[in-house]
Amino acid sequence: MVRKLTIGSFVSLDGVVEAPMNWASPFFVGDAVEHSYEKAGEADFFLLGRVTYELFSNRWPQIEGKYMDRMNGLKKLVVSRTLKEVGWNASLIEGDVATRIAEIKAQGDGDILKYGVSNLDQTLLANKLVDEYQLSIVPTRVGHGKRAFQDVDPSLVRLELTDTHRFDSGVVTLTYRVLK
C-alpha cells in the first residue's frame, strides 16, 4: 500500500487562503470540526512547511479539545531549508524534499495530511506526490491575502471533482483527485 497525500485548505469566496485563523474560525464548528477530526484520524503524518509549522507549533499545543488533541498528537513532517531543529512531535525534512516525501508515501498506508495551499505545493505537484485536495469554501469575503494556487504553475493544477460535502455552517468542501 502507498500512503495518500491529501491537502486540505480553507478558501474564502474571493479565493484567499492566507491566515484562515482570522476569518474561517466562525465557520469551523459542529459537524465541520467532527468531519476534520475523522479525516485527521486517517492520517499517520501531518506535513507542514516552515511558515505553517512555526505558526501552528506556537499556538496549537496550548489549545485543548478532541480535535486539537488529535492534531497535536500526529507525527509532523516539517519541510525547511532554514530550521535546524523542530519540536512538537516533528521530524525535519531537508535536502531533496520530493525524494523524501516519495519514500514516506511508499512506507505505509496511513495518509499524509497537509493544511493550506502553499509554496510547497509547487514541488509536491511537480513531482506528482499530491493525491487529493479538499478545498473548504467558506462563505465569507476576505478582500486581501494570498490566493489559492498563487505560487503554483497553472499547468500542474489538473483536478477532477470526486465529492462535495455541505456543512451546517454553510461551508462546502470540494474534494478533487489530482490528475497525474
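**Exercise 1. Packing of helix 3**

Task: Find what the buried residues of helix 3 pack against, and state which residues of helix 3 are buried.

Solution: 
- Start with the partners. The buried residues of helix 3 pack against helix 1 (31-41), strand 2 (43-49), strand 3 (75-79) and strand 5 (111-115). The model is predicted.
- Now name the residues. Helix 3 spans residues 66-73, and Tyr67, Met68, Met71 and Asn72 are buried in it.
- Check their directions. They cover an arc of only 125 degrees around the axis, so they sit on the same side of helix 3.

**Exercise 2. Helix 4: face, partners and cap**

Task: Locate the buried residues of helix 4, list the elements they pack against, and identify the residue that caps its N-terminal end.

Solution: 
- Helix 4 runs over residues 97-106, with Val97, Ala98, Ile101, Ile104 and Lys105 buried.
- Look down the axis of helix 4. The buried residues fall within an arc of 130 degrees, so they line one face of the helix.
- Their partners are strand 1 (5-12), strand 2, strand 3, strand 4 (90-93), strand 5 and helix 5.
- Turn to the N-terminal end of helix 4. Aspartate 96 caps it, with a side-chain oxygen 3.3 Å from the backbone nitrogen of alanine 98.

**Exercise 3. The cavity**

Task: How many cavities of 30 Å³ or more does the structure hold, and which strand gives the most to the lining of the largest cavity?

Solution: 
- Count. There is one cavity of 30 Å³ or more.
- Size it. The largest cavity has a volume of about 70 Å³.
- List the lining. It consists of Lys4, Thr6, Lys39, Glu42, Ala43, Asp111, Ile112, Leu113, Glu132 and Gln134.
- Assign strands. Strand 5 and strand 6 each supply at least two lining residues. Strand 5 gives the most, with three residues.

How values were computed. Residues numbered from 1 in each chain as written. Predicted model: local features only at pLDDT ≥ 70, side-chain atom pairs only at ≥ 80, totals over all residues. Heavy atoms only, no water. Buried < 20%, exposed > 50% of the residue type's maximum accessible area, 1.4 Å probe, protein only. Helix = DSSP H or I, 4+ residues; strand = E, 2+ residues; numbered from the N terminus. Arc of directions from axis to C-beta. Contact = heavy atoms within 4.5 Å. Polar contact = N/O pair within 3.5 Å; in protein donor to acceptor, adjacent residues only side chain to side chain. 1 Å grid on protein atoms, 1.4 Å probe; cavity = no way out; pocket = protein on both sides within 12 Å on 5 of 7 lines; lining within 4 Å. Points joined across faces, edges and corners; volume = space filled by probe spheres on them.
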